[in-house]
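Hi everyone, thanks for coming. Let me put the structure up on the screen so that we can walk through it together.

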Amino acid sequence: MRRLFTATLIVSAGAIGYELLLMRVLSIVQWHHFAYMIISLALLGYGASGTFIALFKSRLESRFETAFAASALLFSITMVACFALGQRVPFNALEVVWDSRQFLNLSLIYLVFFVPFFFAATCIGLAFTCRRNDISRIYFFDLFGAGLGAVLLIAALFAFVPQDTLLVLMTLPLIASVIMSTRSSARAPLVAVQLVWLALLVSGIPQNQLGLRVSEYKGLSQTLQVIDSRILDVSSSPLGLLTVVESPTVPIRHAPGLSFNTRHVPPEQLAVFTDADGMSAITRFDGDLNSVGYLGDMTAALPYALLDRPNVLVLGAGGGSDVLLGLYHGANSIEAVELNPQMTRLVSETYADFAGFVYDDPRVAVHTSEARGFVARSDMQYDLIHIGLLDSFGASGAGVHAQSESYIYTVEAIREYLEHTTPGGMLAITRWLKLPPRDGLKLVATAIDALRMMGVSEPGQQLAVIRSWNTSTMLIKHGVFTPREIETMQEFAESRSFDTAWFPGIQASDANRFNRLNEAYIYDGTKALLGPRADEFAERYKFYIQPASDNRPYYFHFFKWATLPEVVALRRVGGAGLIEWSYLILIATLLQAVIAGLVLILLPLSRVKRNWRAGTGPRMGAYFLLLGLAFLFIEMAFIQKFILFLSHPLYSVAVVLSGFLVFAGIGSAWSESLARVLEGRGRSPVAVAVGVIALLTIVYVVVLPLIFQRCIGFSDPVKVVMTIALIAPLAVSMGMPFPLGLQHVAATAPNFIPWAWGINGFASVVSAVLATLLAIEFGFVFVIMAALVLYAVAAMILSTSTGTTSPSPLHQ
């Protein structure tokens with residue numbers, strides 16, 4: 001059993017590590033929202049394995065060690081093979097709106113990446129089925145190994161690029177295969193295949209096929225199409241893959257919102273791409289401010305026309321362009337915050353001479369931190385808080401980020417920023433201009449809500465918006481704009497042919513003068529959002545522009561179901577660009593999950609002989625279905641919610657997932673002994689566990705926002721420890737209902753175990769995606785409350801079932 005426990009732990013570590021690695025890789029070659037597909041894929045593999053075991057149980061049980069060792073070996077091989085094959089599927093996410101073939105390609109990706117998880121799950125499922133007397137301990141090592149795998153993956157990504165990290169991970173199931181093959185009846189052929197696979201790896205043959213194939217529509221791919229452009233530097237970490245590109249023949253000119261009236265030419269620049277998109281620029285600077293005169297002709301320069309030598313906080317420093325903007329305008333001091341330390345090193349060390357040692361200026365202080373966390377722990381107040389463009393124009397316009405949690409632009413965030421401005425100070429946010437406006441109006445609505453939360457009765461007196469041909473800059477003042485400031489604002493805009501979209505006292509004739517649109521969209525929208533019928537306007541508007549909040553932090557979600565038929569009808573005449581396509585991919589992934597789960601899990605199970613007591617199947621099937629939905633609902637909601645606290649999606653997935661899995665494993669290990677104690681007192685162990693889950697979850701819903709607000713500024717190691725400590729008691733309780741149910745099944749209907757495994761897997765496959773959709777539509781609190789209802793119903797089902805069984809299976 002020690003060999004089995006060790007092999008189970010190692011396989012689980014490899015599986016969760018591979019899951020997280022694929023999330024990281026697809027963020028690079030495609031986009032971040034594929035994370036939910038990968039979670040669903042992993043769970044599909046676990047569900048399908050239960051069906052496979054049910055169909056061939058008698059053959060597999062007699063050859064347990066051989067089957068486990070072979071599955072682990074195939075897991076190792078397919079990790080590498082499917083990593084390479086999956087990137088060769090000709091899927092283009094930007095074409096899903098008008099090319100139905102892309103949904104087929106998406107399905108193919110889904111099936112390719114499903115294969116490794118199927119073999120990993122087969123190992124675990126075999127252990128549960130063939131060694132069912134040790135279910136609790138096997139479940140513990142399964143979950144504990146998964147938690148360790150998440151930690152291993154994060155550590156590996158700091159040391160290796162994704163391709164090399166894959167080679168580290170694939171050795172884990174290979175080791176598990178060796179361990180389990182020592183007493184296998186087919187030891188000789190297994191060892192032969194293991195040695196051949198190891199020889200291939202040592203020869204380097206697989207590694208030659210593992211290069212990342214970035215989508216041709218991402219910014220990096222497009223930039224490398226320019227004549228003589230070349231990559232200068234690549235650095236990788238869990239926070240992102242940074243790629244530095246130069247283009248000497250056709251110079252890079254990154255100056256968002258630059259006026260057509262400018263007389264200045266931006267100097268040479270280096271492009272820095274994060275995960276092959278989201279370009280930032282490092283600008284050549286020789287110390288002569290005249291050489292960067294173009295910085296005075298951008299919409300982002302507006303606050304500097306209104307403030308004299310301000311103390312500035314730049315959130316999202318990137319390649320240093322916004323810091324240079326502040327220096328050009330004579331800022332008294334600049335504190336720059338950047339999440340990725342590798343980005344900071346590019347500007348301050350690697351290309352410091354090229355950038356004019358801008359970060360060495362005595363007025364500049366650079367901090368490696370997450371924006372919200374830095375502001376929360378700072379006791380400083382600033383004359384200007386500046387948030388520049390943090391994403392690419394192409395990605396923003398295409399709806400790439402519709403599923404992305406962004407806690408930078410929520411009502412709570414804007415309120416916190418404003419509380420850190422001096423009286424008369426300003427918050428300036430520059431965004432890409434999309435037509436018809438979505439982003440800009442949602443930002444206005446969010447700012448209005450934040451001001452009203454602060455007790456401002458007339459928020460329109462503290463707002464100003466100007467726009468160029470491709471950007472808009474919004475100012476939110478800590479106080480009312482004065483007539484002199486309004487006059488300066490108008491002069492600034494007119495001299496650069498920028499359009500004023502809002503300022504206190506604006507008239508319709510002041511808007512839409514230079515970069516003319518069919519309508520004065522932003523002016524009309526802002527006026528309506530400030531008026532008494534704002535809710536009616538937002539409801540009637542074609543896009544979802546309700547304010548983003550920490551409970552629903554999907555700032556880039558603009559999709560409305562009511563608009564879909566109209567937009568689809570126009571998709572071949574320009575309407576496709578109006579659809580947030582990543583939201584549609586999430587819907588498609590949900591449909592794929594349901595279909596794949598039915599075909600690969602439930603349909604084959606229907607052929608398995610059912611020799612259990614009448615009524616057991618429906619009752620216990622419902623029990624494991626509800627558990628799968630409820631567990632993932634809470635887990636997914638917490639993963640998304642803790643992004644704010646832990647600063648990055650991958651950190652949140654790794655820490656929260658490992659915390660849930662490790663402590664759920666501990667709960668599983670304790671479940672049997674706890675059940676004996678509780679049943680001796682006449683109490684249902686599942687009901688008690690669900691009661692604790694409900695109590696802790698409700699407390700967390702109330703308390704977590706307060707904890708985040710007070711502790712978000714703590715160091716990363718402290719926040720990781722706090723996260724695990726917060727998750728531990730809840731996860732321990734959540735780890736009990738599943739093994740308790742399996743123990744009941746093992747005692748009363750052992751042939752139902754594969755069904756339990758498969759049905760729970762099917763529910764998990766669906767819930768991983770469904771939880772995200774529900775969070776986007778209704779918020780995290782709704783998802784969590786729905787999970788509690790599901791847990792309560794499951795507890796009632798098992799209590800009814802055990803109540804009709806004598807003696808209790810937990811004592812047999």
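How many aromatic pairs does the structure hold? The count is 30, and please keep in mind throughout that this is a predicted model.

Let me pick out one of those pairs, F260 with W469. Their rings are stacked, with 5.7 Å from centre to centre and 20° between the planes. What I like here is that the pair links distant parts of the chain, its two residues being 209 residues apart. You'll find F260 in the loop between β2 (240–246) and β3 (269–274), while W469 sits in the loop between β10 (463–467) and β11 (471–477). Is F260 buried or exposed? F260 has a relative accessible area of 63%, so it is exposed. W469, at 47% relative accessibility, counts as partly exposed.

Staying with rings for a moment, there is also a cluster to look at. Ring pairs join F631, F638, F642, F645, F660, Y700 and F708. Hold on to Y700, please, as we'll meet that residue again.

Now to the helix pairs. Helix α25, residues 685–711, packs with helix α26, residues 716–734, at an angle of about 165°, and their axes are 8 Å apart. An angle over 145° counts as roughly antiparallel, so that is how α25 runs relative to α26. Their crossing is left-handed. And here is Y700 again: on the α25 side, the contact is made by A689, V692, I693, L696, T697, Y700, L704, I707 and C711. Facing them in α26 are K719, M722, L726, P729, L730, S733 and M734. Sorted by class, that contact has 13 nonpolar, two polar and one charged residues.

An α-helix has 3.6 residues a turn, so residues three or four places apart point the same way.

From α4, the residues in contact include F64, F68, F75 and F83, and among their partners in α7 are L166, L169, M170 and P173. The classes in this contact of α4 with α7 come to 16 nonpolar, three polar and one charged.

What about α15 (residues 411–419) and α16 (residues 439–453)? Their axes come within 8 Å and cross at roughly 60°, and the two helices are therefore oblique to each other. The crossing of α15 and α16 is right-handed. V411, I414, R415 and L418 are what α15 brings to the contact, and α16 answers with L443, T446, A447, D449, A450, L451 and M453. Eight of the residues in the contact of α15 with α16 are nonpolar, one is polar and two are charged.

One last stop, helix α11, residues 321–328. How many of its eight residues are buried? Six are, so this helix is mostly covered. The buried ones are D322, V323, L324, L325, G326 and L327. Covering them are elements including β4 (277–283), α10 (302–306), β5 (311–315), β6 (333–338), β7 (364–368) and β8 (382–387). After α11 comes G330, with a positive phi near 75°.

Key. Residues numbered from 1 in each chain as written. Predicted model: local features only at pLDDT ≥ 70, side-chain atom pairs only at ≥ 80, totals over all residues. Heavy atoms only, no water. Axes fitted to C-alpha atoms, helices over the stretch in contact; angles between N-to-C directions. Helix = DSSP H or I, 4+ residues; strand = E, 2+ residues; numbered from the N terminus. Parallel < 35°, antiparallel > 145°, perpendicular 65-115°, else oblique. Left-handed = near helix turned anticlockwise from the far one by under 90°. Contact = heavy atoms within 4.5 Å. Nonpolar A, V, L, I, M, F, W, Y, C, P; charged D, E, K, R; others polar. Phe/Tyr/Trp six-rings, centres within 6.5 Å; stacked < 30°, edge-to-face > 60°. Buried < 20%, exposed > 50% of the residue type's maximum accessible area, 1.4 Å probe, protein only.
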